[in-house]
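Morning, everyone. Please bring the model up on your screens. I'll start with a pocket, then go to sheets and helices.

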Amino acid sequence: MDTFDFSFYKGKKVLVTGHTGFKGSWLCRLLLKLGAEVTGYALEPPTQPDLFQLLDVESQMHSVTGDIRDLEKMKQVFAEAQPEIVLHLAAQPIVRESYKNPVYTYETNVMGTVNILEAVRQCKSVKSFLNVTTDKVYRNNEWEWGYRETDELDGYDPYSNSKSCSELVTHSYEKAFLKELGIAVSTARAGNVIGGGDFAADRIVPDCVRAIADGKKIAVRNPHSTRPYQHVLEPLGAYLMIAGSQYEDAFRAGAYNVGPGDDDCITTGTLADLFCEAWGEGASWENLCQGGPHEANFLKLDCSRIRSTFGWKPHWQVKEAISQTVKWYQAWLDGDDMAAFTDRQIEEYLTQNR
């Protein structure tokens with residue numbers, strides 16, 4: 001981040017899968033602000049409220065509604081858009097949902113990755129491909145130290161495991177096809193992401209906002225689980241840095257952990273404390289462990305590789321990340337123009353990285 005010039009994206013043709021989701025909507029707003037020519041391919045926005053519509057990006061990009069399990073439609077979109085850079089974010093992203101619908105999760109996260117890579121392989125314009133996966137791809141031994149990119153890929157639950165498979169599929173395509181075509185390929189394994197506009201079920205920050213809006217105490221399922229929390233702009237900036245850097249120098253391609261420093265790996269209970277403190281107005285939470293499917297208790301990333309390769313480091317520590325998140329939701333509840341508000345947060349973040 002500190003060594004990457006984001007003006008690289010001005011005029012670049014970028015295709016984003018999953019652009020109607022939480023991270024995808026933020027990413028499209030960021031790319032448009034940087035002057036990129038953006039095409040998106042995704043299902044209809046997954047939540048109500050709908051961040052994609054709140055950020056008003058559809059009018060400024062080519063947005064295609066489609067399923068990443070539909071290879072023929074995806075190839076058609078590639079043929080029309082002729083992208084230079086492809087950022088693959090589309091996924092079934094919820095752990096608990098993957099227990100309810102494992103087949104759909106694997107179809108989307110594994111065969112969807114096969115399809116996007118096949119579309120990349122057959123599109124002569126592509127020079128850089130980045131597959132966004134998750135910190136949960138690793139075999140979790142509940143270690144106190146962070147996982148490195150060379151550690152074993154073996155996610156436990158169907159979501160995590162499908163993302164491990166997505167990594168393996170990407171590695172195979174890169175070695176078998178894409179390297180000799182001159183297409184640089186990387187994967188990015190990000191930690192837990194927070195930020196304004198996430199309205200998904202079974203995530204701690206949206207749960208906090210819904211409870212506060214309803215005048216209730218926040219119910220925290222796993223207050224002792226430790227996670228690497230970071231603001232959504234941190235990994236998005238890293239994704240753009242990796243994809244842009246390998247576009248210019250393929251030797252920078254590879255697998256990268258993208259996460260905060262050790263001090264920002266906190267328990268869910270601590271996150272809830274910080275959220276309530278930032279929100280004010282008497283916000284509070286309660287421990288409401290309801291059992292349910294297996295979730296890891298301790299998970300941390302070693303991000304030495306991305307730091308040594310690119311000089312990258314997070315700029316908003318967890319307290320600031322939570323503060324920025326709270327400001328966004330409070331502005332939304334007050335009826336502010338959220339596209340303009342989001343642009344201001346993006347500009348504030350980019351200014352700190354110049």
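The lining of the second largest pocket divides into seven nonpolar, six polar and three charged residues. Nonpolar means Ala, Val, Leu, Ile, Met, Phe, Trp, Tyr, Cys and Pro; charged means Asp, Glu, Lys and Arg; the others, Gly among them, are polar. This is a predicted model: local features need pLDDT of at least 70, side-chain atom pairs count only at pLDDT 80 or more, and totals for chains, interfaces and linings use all residues. Residues are numbered from 1 along each chain as its sequence is written, and side-chain values use heavy atoms, with hydrogens and water left out.

Which residues lie nearest the centre of this pocket? They are Glu174, Val185, Ala250, Ala253 and Gly254, out of 16 lining residues. A pocket here is an open set of points on a 1 Å grid over the protein atoms alone, where a 1.4 Å probe fits, with protein on both sides within 12 Å along at least five of seven lines; lining residues have an atom within 4 Å of a point. The space in this pocket is about 340 Å³, taken as what probe spheres set on the points fill, with points joined across faces, edges and corners. Helix 6 (158-178) and strand 6 (184-190) each give the lining at least two residues. Helices (H or I, at least four residues) and strands (E, at least two) are DSSP runs, numbered from the N terminus.

Seven strands form an open sheet, order 3-2-1-4-5-6-10, with parallel pairing. Strand 3 (62-65) and strand 10 (255-258) are the edges, each pairing on one side only. Two strands pair if DSSP finds at least two bridges between them. Strands 1 (13-17) and 2 (37-42) run parallel, joined by five bridges. There, Thr17 stands opposite Tyr41 of strand 2.

An open sheet of three strands has the order 7-9-11 and mixed pairing. Strand 9 (226-231) pairs with strand 11 in the antiparallel sense, over three bridges. Arg227 faces Ile266 of strand 11.

Last, helix packing. Helix 9 (268-279) and helix 11 (318-333) pack at about 50 degrees, axes 9 Å apart. Axes are lines fitted to C-alpha atoms, for helices over the stretch in contact; angles run from 0 to 180 degrees between N-to-C directions. So helix 9 is oblique to helix 11. Under 35 degrees counts as roughly parallel, over 145 as roughly antiparallel, 65 to 115 as roughly perpendicular, and the rest as oblique.
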